Amino acid sequence: MPRTPVPSPIKAMVWKIEVAIGDQVSEYDPLLILESMKTEIPVDAPCAGVIAEILVAEGDAVQEDQPLFLIETAS
Amino acid sequence: MSWQKEVEELERLRGMIRGMGGPEALQRRHDSGRLNARERIAALVDADSFSEVGGLTGRADFDAGGRVESLRPGNLIVGRARIDARPVCVTSDDYSVVGSAGGATVPGKFGMAEKMAGELRLPLVRLLESTGGNSRALEELGRTYIPQMEGWEHVVANMGRVPVVAVGLGPVAGIGAAKMAFSHYSVMLRGRAHMFMAGPPLVARLGETVTKEELGGADLQARAGGVDDVVDTEEEAFARVRRFLSYLPGSVWELPPRAEPQDDPGRRDPWLLEAIPRERRRVYDMRRIVNAVLDLGSFMEMGRKHGGSVITGLGRLDGWPVAVIASDPRIYGGAWTAESNGKLERFIDLANTFHLPVVNLVDVPGFLIGRDAEMAGTIRSGSRALSAVFQAQVPWCTVLIRKVFGVAGASHADHSRYRYRFAWPSGDWGSIPVEGGIESAYKEELARAEDPVALLAQIEARLNEIRSPLRTAMAFDCEDIIDPRDTRPLLCEFASHAARLRNAGPVATAMRP
């Protein structure tokens, strides 16, 4: 099963993680909320699949392009 | 007595030139799913409108009787044509002629094409696919030469004279990459086009092992801002070119043409009333707002992948072409970054060069802050963006959608001009936002309070009353607060006034690539 990384769109703080390992997600489902410039910035699933790994924790500082999740996709 | 014989010979020679790099080379292109240089021109311009310049130019071999036996064309096809019935100049790199590399270059032809566009005051479309120079050419020449940018005096001047569009359809290396970047709008073909200063073999000598896709693929260049947009097919690329040109005048000596209005200028989209979340920290879909206020389907975004906190693109209001700037809160809350600064500077200069009135939809918390932002030179590039705002002479209308903070927020318009401006009820502005500052500013009161949570809520409510944009409007610090649903009718009114105020002619601060 291929695993698709979900990169952070920006450099930010991880504010809230909204999914758990094993969750089934659809494309555009919010996975996590970043905080930057006093704004909550949701990161949506780029594709449907199952959350295989969560690579960050709430409160972490993340860089642009840093992988946040691995999503296991069917094909 | 007539010249029939000569005319027949002309036709024979033209046939050889039209044969390009020969049947085998053309077949190889065809088999790999690429259009050839002439098919590209035909796919771009109005049917049968292409009129070639230099249609006899090539290297001839003669037989013993002095008759031309074969004629190998140069690697650049040049001419005039029409797009949507408007005249344009077109150049098309012919990759079937020894890979379109330096050896098959006809001296002076590229520069003449650029000069033609500039002097005839016609838009120029460059269809690009070429490798850079190669060492083999040196042996033919028998010496080296000092490189110089042939024709570049016209390339640079054209940035302030006529719309220039560059289309990357294959490799565009070295000078080809410069021909891409020196444009008002550029588009690249995903997977097929690669743009870089030098390709993977040369880069490998720096210790970087990369594929051409990793080095200069379309998505990488779009993100870096090397190119504006990416498409998946050649037809899509040509459609983008035609669309871009539809908003622009033929040259700076003309005004952008109005299209037949397709949408009711009084249309009020009810969704706009709920477009902005009441919770200030939440994001929303700015592109949906842009599409709701412009003529339906008229927005053409440019440079989406680069400097994403600022959305830029061309659109129409009651048929009038306008340049649209809008914040995207989903990227750094709409803050101006080093990347979006450069994008803004070029875009505002583009609008100013071609007399496009600007509509600015603002939600700007300031410049991006932090060490990385300082290291990226945000204030330097930001200052250039500010200069573009203050130097622009085109009519300018601002809609304050939400945040207006700091230097970047303050630069939503040149405040010294008549402020054609209104704000939404979600407007929120000042030097420093309230959030986060309450606990420290009211520390003692909160510590003494029996119920600090309730007190905090009370203080917040008090401050929120003060920060209501209505108070700003009452003091005439903001010209008006409007029902968001009235935005389109008001912008269409602006466009109708702006249309009269546009001045044709060259500007002092034309766009630099």
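How many residues does the contact take from chain A and how many from chain B? In this predicted model, the contact draws 15 residues from chain A and 18 residues from chain B.

- Strand 2 (residues 12-17) and strand 7 of chain A run antiparallel and are joined by two bridges, and A:Ala12 stands opposite A:Val62 of strand 7.

**Area buried between the chains**

- About 1500 Å² is buried between chain A and chain B, with 47% of it on carbon and sulfur atoms.
- Of the area that chain A buries against chain B, 44% is supplied by A:Met37, A:Lys38 and A:Glu40, more than by any other three residues.

**Polar and charged pairs across the interface**

- Seven salt bridges are found across the interface of chain A and chain B; A:Glu40 forms a salt bridge with B:Arg281, where the closest N and O atoms are 2.7 Å apart.
- Ten residue pairs are in polar contact between chain A and chain B, counting pairs with both residues at pLDDT 80 or more.

**The side of chain A that touches chain B**

- Strand 5 of chain A gives the largest share of this side, five residues.
- By class, this side of chain A has seven charged, five nonpolar and three polar residues.

Notes. Residues are numbered from 1 along each chain as its sequence is written. Chains are lettered from A and ligands numbered from 1 in the order in which they are written. This is a predicted model: local features need pLDDT of at least 70, side-chain atom pairs count only at pLDDT 80 or more; totals for chains, interfaces and linings use all residues. Side-chain values use heavy atoms; hydrogens and water are left out. Two strands pair if DSSP finds at least two bridges between them. Helices (H or I, at least four residues) and strands (E, at least two) are DSSP runs, numbered from the N terminus. Contact means heavy atoms within 4.5 Å. Buried area is the accessible area (1.4 Å probe) that two parts lose on being put together, summed over both. A salt bridge is a side-chain nitrogen of Lys or Arg within 4 Å of a carboxyl oxygen of Asp or Glu. A polar contact is a pair of N or O atoms within 3.5 Å; within protein, one must be able to donate a hydrogen and the other to accept it, and residues adjacent in sequence count only if both atoms are side-chain atoms. Ala, Val, Leu, Ile, Met, Phe, Trp, Tyr, Cys and Pro count as nonpolar, Asp, Glu, Lys and Arg as charged, and the others, Gly among them, as polar.
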